[in-house]
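User: I would like to learn how to read a few features of a fold. Could you take me through them one at a time?

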Amino acid sequence: MSFGVLLMLGLRYDYVVINVTIVDGTGSPRYNGDVGIKDGIIISVGNVKEREDSRNIINGTGYILTPGFIDVHTHLDIAPFFDPSFLPQLSQGITTVATGMCGLSPAPSNQDPSVQLYTYFKLGDIQRYQERPFANFSIYLDELDKINISVNMIPLVGHGAIRNMVLGNRNKKPSIEEMQIMKNITSETMKSGAFGMTTGLAYTPGAYSDVEELIELSKIVKEYGGIFMSHIRSESDDVIESVKEVISVAKGANIPSQIHHLKVCGMKNAGKGEEVLKLIEKAREDGLDITADQYPYLMSSTGLSSILPPWALEGGSKDVIARLENKTTRAKIRTDILNGLEGFDDLWMNVGNDPEKIVIISSPGHPEYSGKSLKELAGNEDAMEWGFDYLINSSMKYTRALYFVIVEQDFKSIVKKDYVMVGSDTQFVNLSSSDKVHPRSIASHSRFLRQFVREEKLLSLEEAIRKMTGFPAQRYGVETKGFIKPGFDADITLFKLENVDDTTKDTGMVLMSKGFDFVFVNGILVVNDSIIQNEKRPGKILRRHLFKLPTSIPNASIPTKQIMNTKYLIFAMIVIVIGFAYMIFGKKSRSNDNNQSEILDPII
Ligand SMILES: [Zn+2]
Ligand SMILES: [Zn+2]
């Protein structure tokens with residue numbers, strides 16, 4: 001071992017951030033201090049002793065230091081296979097993403113392509129995924145492990161994937177035998193490391209399941225310490241019934257449960273949010289463990305053809321175009337949109353019959369349409385008729401639009417709730433494509449801080465950071481992340497609140513966020529002085545069973561303490577080697593009161 005290496009090992013810290021304002025992820029008031037990092041772990045917080053004994057010192061004056069953000073809701077399940085750099089995430093301080101949301105995950109996957117859940121994963125030009133079905137969750141995680149990715153991942157399994165394995169896309173109740181197979185798959189998936197199961201009850205095949213099925217499977221998830229999460233059946237007219245369904249599952253399986261992207265859609269449903277929140281709060285008072293996530297935008301995003309009623313969309317593109325070209329059927333489509341139809345999630349009326357609130361973000365052959373509303377594009381023409389003509393002229397090629405369907409008054413009430421965390425609902429963004437995307441896929445967390453903390457002051461900085469860090473970590477049972485405390489993983493972000501900017505705003509431009517000047521993932525500096533260090537990809541694929549379970553399952557868990565102790569053992573060995581090195585090379589002896597008590601602080 002060379003002298004240089006010994007000296008490097010001899011340093012007490014890899015990094016010390018000095019004189020910084022710490023917001024620790026608990027929601028507690030900020031305080032000033034230093035943070036010392038070594039071997040991927042935060043080893044000292046507060047008045048860091050012998051701070052000069054560090055390989056690097058970052059002057060944190062003027063900066064806020066927080067735990068790296070945990071995005072609790074993303075659809076980045078297979079993003080690592082296409083682009084493991086996660087640039088939009090790093091640019092807004094996100095160091096961990098949860099995947100497998102809304103009932104959809106790439107594993108387990110049926111090997112028969114005709115019954116695979118591919119439609120969803122085709123989003124974002126990632127059809128190539130079709131070539132790599134993962135027979136089970138364990139194979140999927142092992143494949144992820146082979147890739148160096150920039151951020152950590154918390155993988156969950158989609159109920160849709162499990163159901164699809166057994167029942168395909170059929171609208172039927174499972175038989176006893178089929179139910180047993182689904183339970184076995186759930187159990188196997190949880191054993192391999194999933195953090196929970198999600199449902200997409202607004203999509204097939206999730207829409208075909210009933211409460212009983214969800215409760216039975218959730219009981220298995222619960223055994224392994226997992227969480228149940230749900231994209232509920234309706235976020236508009238039937239939102240209240242849909243929230244009640246989640247409460248029934250939470251109660252029936254006695255499982256921690258979370259409502260995905262909580263919102264009320266449709267201007268005529270304004271005010272229903274109050275009842276939804278009351279329902280959740282009553283359930284929580286009754287002892288049920290129910291939380292929610294939310295993305296900070298008033299618009300959803302889907303194809304422009306979704307403005308048409310379901311009957312008009314049946315068959316292929318030619319059928320739809322023929323209906324739009326036929327005077328009689330075109331008039332019927334218009335009437336059904338304006339009057340509504342049973343079972344039709346009517347986007348046109350949900351935006352309040354206001355074509356200014358439907359904005360095209362990607363238009364094949366017409367990039368100049370991007371960012372413009374139907375009202376603007378139609379000019380003096382009737383906007384709905386313009387939209388019909390557009391669909392005909394574009395040959396029904398996929399055109400993505402933003403729909404401002406989310407009721408603002410309910411949205412603001414949800415933001416303020418302490419049981420609601422921030423989740424972006426991000427989809428994979430192909431940065432080399434000129435297509436625009438829903439800005440939630442690029443800038444949710446930076447927008448949340450800019451809008452709700454800095455500008456509107458709806459939340460304190462401490463509370464907003466808790467919703468992005470400590471609260472999500474606790475929710476998923478990731479005991480080593482989410483807080484700035486000794487012993488925790490060194491996932492850290494530094495920013496100046498006045499500089500935080502979600503440069504995408506509402507236009508869906510593919511741009512990075514601004515203001516997150518330093519980001520650490522597992523102790524490695526991946527954003528340094530606002531430059532993303534793209535070659536360093538220190539993220540880890542996490543497994544639920546490597547963390548302590550809330551209920552004891554024999555042989556199913558490795559206590560966190562054990563994991564931490566291994567890290568400390570390595571650290572202790574390094575310290576011993578250093579001690580020797582110093583003695584040999586005649587360096588001044590150092591006292592050994594180096595934050596031991598801090599290092600051994602209990603983990604919450
Ligand atoms: Zn969803
Ligand atoms: Zn989602």
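Analyst: Start with handedness. A crossing is right-handed if the near helix is turned clockwise from the far one by less than a right angle, and left-handed if anticlockwise. This is a predicted model. Here, α6 passes α7 in a right-handed crossing.

User: Which residues of α6 and α7 make the contact?

Analyst: On α6, they are I162, R163, M165, V166 and L167. On α7, they are E178, I181, M182, I185 and T186. By type, the contact residues comprise 7 nonpolar, 1 polar and 2 charged.

User: How is the packing of two helices described?

Analyst: Two values are used: the angle between the axes and the distance between them. For α6 (residues 159-167) and α7 (residues 176-192), the angle is about 135 degrees and the axes are 9 Å apart. Angles over 145 degrees would count as roughly antiparallel, and 65 to 115 as roughly perpendicular. The two helices are therefore oblique to each other.

User: Now sheets. What is the strand order in the open sheet of 4 strands?

Analyst: The order is β15-β18-β16-β17, and the pairing is antiparallel. β15 (300-303) and β17 (372-373) are the edge strands. Each has a single partner strand, so one side of each lacks a neighbour in the sheet.

User: How many bridges join β15 to β18?

Analyst: There are 4 bridges between β15 and β18 (residues 400-403). In one pair, S300 has Y403 of β18 as its bridge partner.

User: Is H438 buried or exposed?

Analyst: Count neighbours. A residue is buried if 20 or more other C-beta atoms lie within 10 Å of its own. H438 has 25 within that distance, so H438 is buried. H438 sits in the loop between β20 (426-427) and α18 (440-455).

User: How many residues of strand β2 are buried?

Analyst: In β2 (residues 31-38), 6 of the 8 residues are buried, so the strand is largely enclosed by the rest of the structure.

User: Which strands pair with β2?

Analyst: Two pairings can be read here. β1 (residues 13-22) pairs with β2 in the antiparallel sense over 6 bridges. In that pairing, Y15 stands opposite I37. β3 (residues 41-46) also pairs antiparallel with β2, over 5 bridges. There, K38 stands opposite I41.

User: What phi does D39 take in the hairpin of β2 and β3?

Analyst: D39 takes a positive phi near 50 degrees. The hairpin has 2 residues between its strands.

Conventions: Residues are numbered from 1 along each chain as its sequence is written. Chains are lettered from A and ligands numbered from 1 in the order in which they are written. This is a predicted model: local features need pLDDT of at least 70, side-chain atom pairs count only at pLDDT 80 or more; totals for chains, interfaces and linings use all residues. Axes are lines fitted to C-alpha atoms, for helices over the stretch in contact, and angles run from 0 to 180 degrees between N-to-C directions. Angles under 35 degrees count as roughly parallel, over 145 as roughly antiparallel, 65 to 115 as roughly perpendicular and the rest as oblique. Two residues are in contact if their C-beta atoms, placed from the backbone, lie within 7 Å. Ala, Val, Leu, Ile, Met, Phe, Trp, Tyr, Cys and Pro count as nonpolar, Asp, Glu, Lys and Arg as charged, and the others, Gly among them, as polar. Two strands pair if DSSP finds at least two bridges between them. A residue is buried if 20 or more other C-beta atoms lie within 10 Å of its own, exposed if 12 or fewer, and partly exposed in between; C-beta atoms are placed from the backbone.
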